[in-house]
Amino acid sequence: MNQWKPWLPLLGLILVLALASCSAASAPAAPVVDAPVVDAVSLQELPQNVDIDTVYEIQNDPDVFMLDVREQEEYDEKHIPGINLIPMSTIQNRLDEIPTDKTVNVTCRSGNRSDQVTQILRTNGFDNAHNMTGGINAWQEAGYPVEQ
């Protein structure tokens with residue numbers, strides 16, 4: 001019996017592994033369940049302040065109007081592809097250019113002017129206006145595309 005003594009721990013380990021593999025092999029397979037489908041962002045449920053990731057996800061939706069409220073020079077330096085430019089300084093005179101039947105995402109350089117314009121729009125009946133927090137600076141920092 002002493003000749004087996006050094007081998008007992010190894011034999012014990014082999015026995016445990018063999019039993020574990022047998023029990024795993026004989027256990028019934030777990031039912032296959034489809035992964036839950038993640039709903040697309042609901043435009044009707046957007047908060048007033050929207051993060052850049054959400055805006056990136058919805059920017060190409062035909063029911064979304066992207067609005068940059070910086071000045072022309074800032075826009076020319078860099079802007080989100082396909083965005084509409086109406087500078088904050090002209091917004092009151094150009095409200096008729098903003099669709100009332102679409103979700104309006106307002107952006108600027110850092111989120112300050114766009115927040116002010118979002119408030120102006122909401123005061124003028126645009127309940128669908130949303131401020132993109134962080135502005136184009138955060139957008140570019142996140143690696144989202146810009147045009148120059």
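Here is a short walk through a few residues and the charged pairs around them.

The model is predicted, so local features need pLDDT of at least 70 and side-chain atom pairs count only at pLDDT 80 or more, while totals for chains, interfaces and linings use all residues. Residues are numbered from 1 along each chain as its sequence is written, and side-chain values use heavy atoms, with hydrogens and water left out.

Let's start with the salt bridges (a side-chain nitrogen of Lys or Arg within 4 Å of a carboxyl oxygen of Asp or Glu). The whole structure has 3 of them. One joins Arg-70 to Asp-68 at 2.8 Å, N to O. Arg-70 is buried, with 3% relative accessible area, and Asp-68 is buried too, at 1%; here buried means under 20%, exposed over 50% and partly exposed in between, using a 1.4 Å probe and protein chains only.

Another salt bridge pairs Glu-74 with Arg-113, again at 2.8 Å, N to O. This pair ties together distant parts of the chain, with Glu-74 in helix α3 and Arg-113 in helix α4, 39 residues apart. Helices are DSSP runs of H or I with at least four residues, strands are E runs of at least two, and both are numbered from the N terminus.

Arg-113 also turns up beside Glu-71, which is in contact (heavy atoms within 4.5 Å) with Pro-87, Met-88, Ser-89 and Arg-113, leaving aside neighbours within four places in sequence. Glu-71 sits in the loop between β2 (64-68) and α3 (72-77). With 29% relative accessibility, Glu-71 counts as partly exposed.
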